[in-house]
Amino acid sequence: MSLLEIENLTRNFGGVTAVANMSFQVNTGEIVAFIGPNGAGKTTLFNLITGLIKPDYGTIKFKNIDITGKVPEKIAALGINRTFQNLQLFNGMTVVENVMVGAHRHGKQGLLQAGFSFPGVAKEERFILAKAMEKLELVGLTDKKDIPVEILPYGQQRLLEIARAMAMEPKMLLLDEPAAGLNQGETDILGDLICKLPKMGMTILLVEHNMDLIMRISHHIVVLDHGSKLFEGNPGEVQNDAKVIAAYLGEEIV
Amino acid sequence: MKTKSTKGFLQRNLSIIFFIAIVILIALLIPNPYYLGNFVIIGIFTIVVVGLCLLMGYTGQVSLGHAAFYGLGAYSSALLTAKVGFTPLLAMVIAAVITGIVAFLIGIATLRLKEHYLALATLGSGIIIYIFFNEQVNITGGPSGFSGIPYFSFGSWQFDTERSYYFLVWSFVLLAIIFARNIVSSRIGRALRAIHTSEIAATCMGIPAFQYKVQIFVISAIYASIAGSLYAHYITFMSPSPFGFQASVEFVLMAAIGGLASIWGPLFGVTAVLFLTEFLKTVVPEIMPSAGGEYEIIFFGLILVIVMIFMPEGLVGGIKDYFAKGKIKKLAIKVNQDLAEFPENDLPSDRNKGVQ
Amino acid sequence: MKIFAKKYLILFLSLTLLLTITSGCGSSDQKGDQETYKIGAIFDITGPASSLGIPERDSALLIEKEINDRGGINGHKIQLIIEDNESNETKAVQAAKKLIEVDKVLAIAGPSTTGTSMAIIDTIQKSQIPMVSAAAGSAIVNPVDQRKWVFKSAQSDSVVVDKLTDYLVETKAKKIAFLSMNNAFGDGGRKVFETEAPKKGLEIVALEKFGATDNDMTPQLTKIKSVKPDAVVVWAIPPSASILTKNYRQLQIDVPLIHSHGIGNQAFIDLAQDAANGVIFPVGRLLVAESLPADNPQKSVLVKYAADYEAMFKQPRSTFGGHAYDSISLIVAAIEKAGPDRIKIRDELEKIQGFAGISGIFNMSPQDHNGLQKDALVMVKIENNKWVVVE
Amino acid sequence: MPLGNELLQYLLTGLTLGGIYALIALGFVTIYTVTGHINFTQGEFVMLGALTSISMIKLGLPMWLAITVAVAIVGIFGAAFERVVIYPARNSSVVTIIIITIGFSVAIRGVALLLWGTQSYPMQPFSSGPPINILGAIMNRQSIWVLLLSIVVVITLFIFFERTVMGKALKACAINRLAASLMGISPQKMSLFCFSLCASIGALAGIFITPITTATYDMGLMLGLKGFVAAVLGGLTNTTGAILGGFLLGILEAMGAGLISSGYKDAISFLILLLVLLNRPEGLLGKPERDRV
């Protein structure tokens with residue numbers, strides 16, 4: 001069954017159509033990659049799904065619930081989380097604290113309970129910490145847990161963002177260029193990590209320029225160009241489609 | 001940098017115990033009620049500034065209107081005790097509720113604004129409230145004010161000496177600090193800091209940023225309100241002038257001098273600012289016998305500028321930085337060594353400096 | 001862990017430092033000449049009311065010198081301890097507490113303004129120390145049964161309103177427009193005027209306000225112009241009083257402009273320039289001291305004060321300075337009879353009769369802690385940038 | 001006076017006040033666009049301009065020379081301020097810079113108190129004569145000078161930014177500091193120049209308004225606040241917006257005082273300001289800033 005259904009989604013930015021009348025579906029447990037040249041509307045699509053911007057037209061349904069135009073925190077509450085192309089880590093906090101923010105939704109205690117230090121608060125805090133440590137372990141950053149996040153190397157910051165997103169235990173995870181700026185070794189580690197995620201109950205949406213990575217890990221690929229869907233299929237089909245090669249792969253593939 | 005559960009009760013609360021010891025020590029060492037009175041004012045301001053730091057330092061939302069909440073607390077307490085006849089404690093609670101409601105309304109209206117626009121909106125709200133104090137002559141007595149506010153009391157226990165008031169105020173400071181510390185070290189506190197660095201990322205993590213901003217705005221207004229109530233029962237005379245725009249700016253100054261993102265910062269900030277003023281008042285005329293108040297103002301301004309240039313994180317931040325530098329450096333070296341396995345990688349970068 | 005420990009070390013060191021500073025202050029003030037009588041003074045030397053506070057401080061220094069030059073009070077030198085409250089009520093209370101607790105003064109002169117004076121009344125009453133305020137508000141000494149320790153030297157606004165409304169009745173003005181500065185001074189004037197004027201058959205046709213830092217009062221005046229009053233009464237101090245007067249002339253409002261005693265200094269004329277001409281206001285006799293008849297009991301005091309002040313500070317005389325001079329003179333007169341005893345000083349203050357001061361002849365009583373009546377005031381008109389008595 | 005006349009009078013008064021606020025707002029906006037800082041010292045530049053020119057006149061200088069000298073002195077002072085205070089802290093956070101400028105303005109006020117004392121100083125209007133009667137409403141001659149100045153400053157700034165190399169360089173800094181520095185434009189030099197320019201504009205404003213308002217050492221505080229309000233109201237990044245914000249604020253104040261309540265006039269203008277901000281969070285003419293991810 002489809003987890004995410006997008007219909008006729010359209011968004012203009014002052015005359016420029018970033019996403020034009022786009023429709024597609026994503027099934028549970030898939031790794032779906034979005035490729036296309038810069039300006040094809042990939043990040044805009046992610047921003048629309050996570051509610052950071054509102055569509056001009058069209059609907060987004062997640063688990064059959066209409067989430068079109070909902071605020072980001074409501075959408076997140078339904079189980080969608082993401083990473084960012086330009087890293088958005090919480091500077092000034094440690095590595096583990098960053099991941100604990102990701103696990104925010106696993107807590108229930110409010111401001112007053114926290115202020116008056118109700119008995120449940122400490123217990124909940126331990127629970128969140130455990131969740132966070134579990135995710136840090138998955139990305140191999142356990143030993144860095146108390147380091148201020150700003151001084152972490154770039155590649156590890158990318159991994160940390162994924163760990164933070166995972167800490168929410170979302171149903172669907174949107175990764176925006178997770179391999180950007182990573183070297184080959186790091187990219188391989190990343191690829192292995194992403195492959196494991198569906199088994200943990202996560203459906204993955206991926207925007208990426210690294211074709212090797214995409215071809216290796218994705219189940220399904222959507223090719224975008226100028227805000228519209230150009231082609232859709234499995235990696236093999238995409239590689240052999242003339243239109244795609246002409247529009248995109250031909251020039252970009254290394 | 002540390003997680004709560006890994007430390008023992010004593011260690012966790014060492015600073016609090018230390019704080020209590022100092023408060024008692026000051027009371028023992030200062031026999032003169034006047035000097036103790038200075039500490040009463042320091043305590044009252046500290047409560048306001050702790051609330052302000054929660055809002056500004058942790059959540060990153062500027063408020064240039066906090067003196068109005070301080071005033072709302074003071075006026076509500078003063079009016080309810082002097083004119084309606086409530087007990088001070090009950091009046092204080094009602095004052096906090098009134099201020100909380102007003103702050104809630106202002107908060108939901110203004111907290112969607114950013115930085116300078118938010119600063120201006122809070123400034124405007126503060127000035128409107130201040131004008132209200134001035135103009136509602138039938139209720140507030142207008143610019144002439146009114147007196148006859150009773151001293152603070154718990155049942156038959158009157159706080160009418162400097163010493164007793166000192167202990168009363170500093171007990172509230174203690175509660176204020178503990179409450180703030182509990183918030184900051186909780187899940188909510190982390191969420192607030194996350195909102196500060198990247199509101200977008202925070203909302204994508206499912207943090208209801210706007211709701212939290214409003215909540216913390218209300219809490220910090222209630223801090224100001226409680227401080228205002230304490231002020232009213234201490235001075236026992238009420239008029240609008242201490243609650244104007246300048247007072248709001250002064251609170252922000254004290255917060256910034258102490259260190260915005262710190263629970264102990266306010267204590268240092270308020271003490272530093274008030275003592276600096278007193279200190280300049282005594283020292284300047286001794287160095288320059290002909291000097292009037294002008295030199296104090298000049299020095300005060302300059303010292304403020306110098307502190308902010310050299311310690312942009314405030315006194316507490318500056319001291320912390322001084323000791324943390326070595327540790328961070330060591331960490332950075334260690335991290336870079338780990339990195340040697342991937343020689344072509346870039347070093348810690350500021351590429352993620354955040355939202356443009 | 002090390003950082004942890006160091007953090008507390010720093011905390012500890014800074015707090016002990018702080019303690020030593022404060023306790024140091026405490027001990028250094030204990031010594032003092034037993035022979036000297038200490039009198040405290042609180043003035044608004046800086047801040048918005050500094051145009052009052054500075055001449056007051058200077059006048060206080062003048063009288064201190066005068067009294068010590070003539071040998072002090074019964075052989076005891078006096079020492080004035082002057083505090084600046086920065087026109088701030090909280091600071092005023094702190095200053096009062098310092099004077100009472102640390103300096104242990106015999107009495108307190110000041111503060112300068114109604115607001116700051118009102119703020120310290122509770123402290124004064126509780127500490128049982130005589131105080132002679134230099135501010136105008138009649139609320140400072142009324143109700144007198146709750147103000148046992150509080151006196152004041154400036155003519156109360158009730159007295160000023162009394163004089164002013166008499167003048168309005170004399171000149172057959174009926175419809176009055178009233179403008180006040182939006183602070184404790186203006187508000188005090190407004191309250192008294194609103195209650196007293198109708199009693200003399202005057203009708204208040206407009207009540208407007210303006211801020212102390214406003215740059216243009218044309219809107220308020222336009223509104224007033226439209227209701228066509230017989231006279232306009234303004235309760236303010238310079239510079240806003242001067243700006244208002246300029247605006248008044250620009251709008252070509254042709255009814256008499258009456259100010260309060262708040263413009264009793266040269267600054268008003270300097271700032272309003274030619275617009276000041278024609279302004280009428282009630283004020284103590286200081287401004288017109290030289291032109292008083294020789295048999296006026298105040299004349300010698302006024303002329304001497306004005307000459308000394310102008311010689312010593314190279315500044316024109318100011319009625320505010322006169323209020324401070326009176327406050328301290330009254331305290332000194334009381335100490336002369338009572339000696340260094342706060343309770344006796346208060347009792348003597350209350351008994352002062354026929355005391356020729358700058359602001360008038362003081363006749364204190366248990367019912368009247370100001371001791372001045374409307375005869376302390378004259379109506380003065382500004383002509384050719386000079387003060388002239390209206391008769 | 002019929003209501004129409006009254007309204008016209010309020011409008012004219014509003015324009016006078018608006019001209020004052022607009023001139024100060026211009027300084028805020030120019031510094032903000034080029035350097036990204038909010039400079040709360042702007043009000044003190046106004047005060048320094050006014051009081052310095054008064055001192056120059058007292059020294060016997062003719063009016064025009066006194067004004068030139070005062071503007072030059074404050075301009076140099078602005079540059080020095082940038083170098084000594086802003087430059088060392090240029091990478092600090094928004095709040096830190098705000099505090100620094102507030103702190104420094106306190107110090108300047110202290111110096112002014114020392115030099116000029118607490119009294120107010122008058123200044124002769126630039127042209128004498130009775131106020132001008134416009135359809136029964138009255139405007140004094142100095143207000144016209146203030147309005148003229150604000151128009152001249154806006155036009156000059158416009159020409160400067162659009163037509164000169166220096167101006168274009170400043171504009172480039174305003175658009176993208178990093179790119180500008182890559183093009184060989186030094187943002188530091190531009191910042192220095194900009195502070196000096198805005199100090200001079202502030203000084204001019206101070207000199208022009210003094211015949212209306214008189215000058216005191218603490219006049220900068222309120223004027224700076226109102227200028228900041230006008231600047232934000234207009235949108236912070238737009239000189240036209242600053243002028244619009246200034247006039248709007250002035251007219252609101254005058255109308256509020258005249259038509260509704262003189263005690264509540266500031267509350268009325270702030271209330272309207274809040275309503276504007278809630279509907280247009282980026283100010284009247286500001287560009288909406290979108291967070292980019």
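**Helix packing and a chain interface**

Guide: In this predicted model, α12(B) passes α13(B) in a right-handed crossing, meaning that the near helix is turned clockwise from the far one by less than a right angle. Local features need pLDDT of at least 70, side-chain atom pairs count only at pLDDT 80 or more, and totals for chains, interfaces and linings use all residues. Residues are numbered from 1 along each chain as its sequence is written, chains are lettered from A in the order in which they are written, and side-chain values use heavy atoms, without hydrogens and water.

Visitor: At what angle do α12(B) and α13(B) pack?

Guide: Axes are lines fitted to C-alpha atoms over the stretch in contact, and angles run from 0 to 180 degrees between N-to-C directions. Here α12 (residues 245-258) and α13 (residues 265-287) of chain B pack at about 115°, with axes 7 Å apart. Contact means heavy atoms within 4.5 Å; Met254(B), Ile257(B) and Gly258(B) of α12(B) meet residues of α13(B) including Phe268(B) and Leu274(B).

Visitor: How is the size of an interface expressed?

Guide: It is often given as the accessible area lost when the parts come together. With a 1.4 Å probe and a sum over both parts, chain C and chain D bury about 2,500 Å², 56% of it from carbon and sulfur atoms. The contact takes 28 residues from chain C and 31 from chain D.

Visitor: Which side chains form the salt bridge between chain C and chain D?

Guide: A salt bridge places a side-chain nitrogen of Lys or Arg within 4 Å of a carboxyl oxygen of Asp or Glu. Asp214(C) and Lys265(D) meet in this way, at 2.7 Å, N to O.

Notes. Helix = DSSP H or I, 4+ residues; strand = E, 2+ residues; numbered from the N terminus. Buried area = accessible area lost by both parts, 1.4 Å probe.
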